[in-house]
Amino acid sequence: MPPPVCTIGYEGATPDALIATLRAAGIETLVDVRALANSRRPGFAKGALSAALEAAGIGYLHLRALGTPAEGRAAARAGKPAMMRRIFAAHLAGDEAQAALANVSDLARRRRVCLLCLEADPAQCHRTLVAEAMGLGVQHLSPGGSR
């Protein structure tokens, strides 16, 4: 049986704390499931994050198709998680998202992977929906420990 897929949110973390948590969990590839892999937080934009991960011996894969569409992000910011989940579920049913989901599911059966997004609370983040749709066990990590 493959290991569970992990998830992590970088909200409130530093890049060093994120990488330390990934290393401690034995993560081989970080899968970025943000629609837009940029960040105002230093070290978490795609270029800087992928370079830091590479230096730490951890692979990086950005799967934009598994990101929340703009209207889902707006619902999350408005404090409407149920609406965000409905919007994301419809998005996840699309062909592009299904192809990306198959890609990451295959990868997770061969390597220890972790899904990344901003939100610290996995219950409030679409990465949990992605992880659950993969049909594997799920383990939520937090920079500083598991949840």
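**Entry 1: the largest pocket**

A pocket is an open set of grid points with protein on both sides within 12 Å along at least five of seven lines, and its lining residues have an atom within 4 Å of a point. I applied this to the structure above, which is a predicted model. I looked up the largest pocket and noted a volume of about 730 Å³. Its lining consists of 23 residues, and Arg-73, Arg-77, Cys-117, Leu-118 and Glu-119 lie nearest the centre. Which helix gives the most to this lining? I found that it is helix H3, residues 70-77, with 4 residues.

**Entry 2: the salt bridges**

I recalled that side chains of opposite charge can pair when their charged atoms come close. How many salt bridges does the model hold? The count comes to 3, and I took them one by one.

I began with Arg-111 and Glu-28, whose closest N and O atoms are 3.8 Å apart. I recorded Arg-111 as partly exposed, because its relative accessibility is 32%. Glu-28 is also partly exposed, at 31%.

I then turned to Asp-32 and Arg-34, whose side chains meet in a salt bridge at 2.7 Å, N to O. Are these two residues buried or exposed? Asp-32 is buried, with a relative accessible area of 0%, and Arg-34 is buried, with 5%.

The remaining entry is Arg-110 with Asp-106, with closest N and O atoms 3.1 Å apart. The two residues are 4 places apart in helix H5, so about one helical turn separates them. I noted Arg-110 as exposed at 54% relative accessibility, and Asp-106 as partly exposed at 41%.

**Entry 3: Arg-127**

I looked up Arg-127, which is found in helix H6, residues 126-133. Arg-127 is buried yet has no salt bridge. Why does Glu-119 not pair with Arg-127 in a salt bridge? Glu-119 is the nearest side chain of opposite charge, but it is 6.6 Å away, and a salt bridge requires the nitrogen and oxygen to be within 4 Å. The side chain of Arg-127 does reach the backbone oxygen of Ala-120, at 3.5 Å. Setting aside residues up to four places away in sequence, I listed what Arg-127 touches, including Thr-7, Ile-8, Val-33, Leu-115 and Cys-117. Glu-119 and Ala-120 are also among the residues touched.

**Entry 4: Thr-29**

I located Thr-29 in strand S2, residues 29-32. Thr-29 counts as buried because its relative accessible area is 6%, and the limit for buried is under 20%. Its side chain makes a polar contact with the side chain of Arg-111, at 3.1 Å. Beyond four places in sequence, the residues that Thr-29 touches include Ile-58, Tyr-60, Leu-107, Arg-111 and Val-113. I also checked Leu-53, 24 residues from Thr-29 along the chain, and the two C-alpha atoms are separated by 8.8 Å.

**Entry 5: Met-84**

I found Met-84 in helix H4, residues 81-92. Met-84 counts as buried, because its relative accessibility is 3%.

Definitions and conventions. Residues are numbered from 1 along each chain as its sequence is written. This is a predicted model: local features need pLDDT of at least 70, side-chain atom pairs count only at pLDDT 80 or more; totals for chains, interfaces and linings use all residues. Side-chain values use heavy atoms; hydrogens and water are left out. Buried means under 20% relative accessible area, exposed over 50%, partly exposed in between (1.4 Å probe, protein chains only). Lys and Arg count as positive and Asp and Glu as negative; His and the chain ends are not counted. A polar contact is a pair of N or O atoms within 3.5 Å; within protein, one must be able to donate a hydrogen and the other to accept it, and residues adjacent in sequence count only if both atoms are side-chain atoms. Contact means heavy atoms within 4.5 Å. On a 1 Å grid over the protein atoms alone, a cavity is a set of points where a 1.4 Å probe fits but cannot get out, and a pocket is an open set with protein on both sides within 12 Å along at least five of seven lines; lining residues have an atom within 4 Å of a point. Grid points are joined across faces, edges and corners, and a volume is the space filled by probe spheres set on the points.
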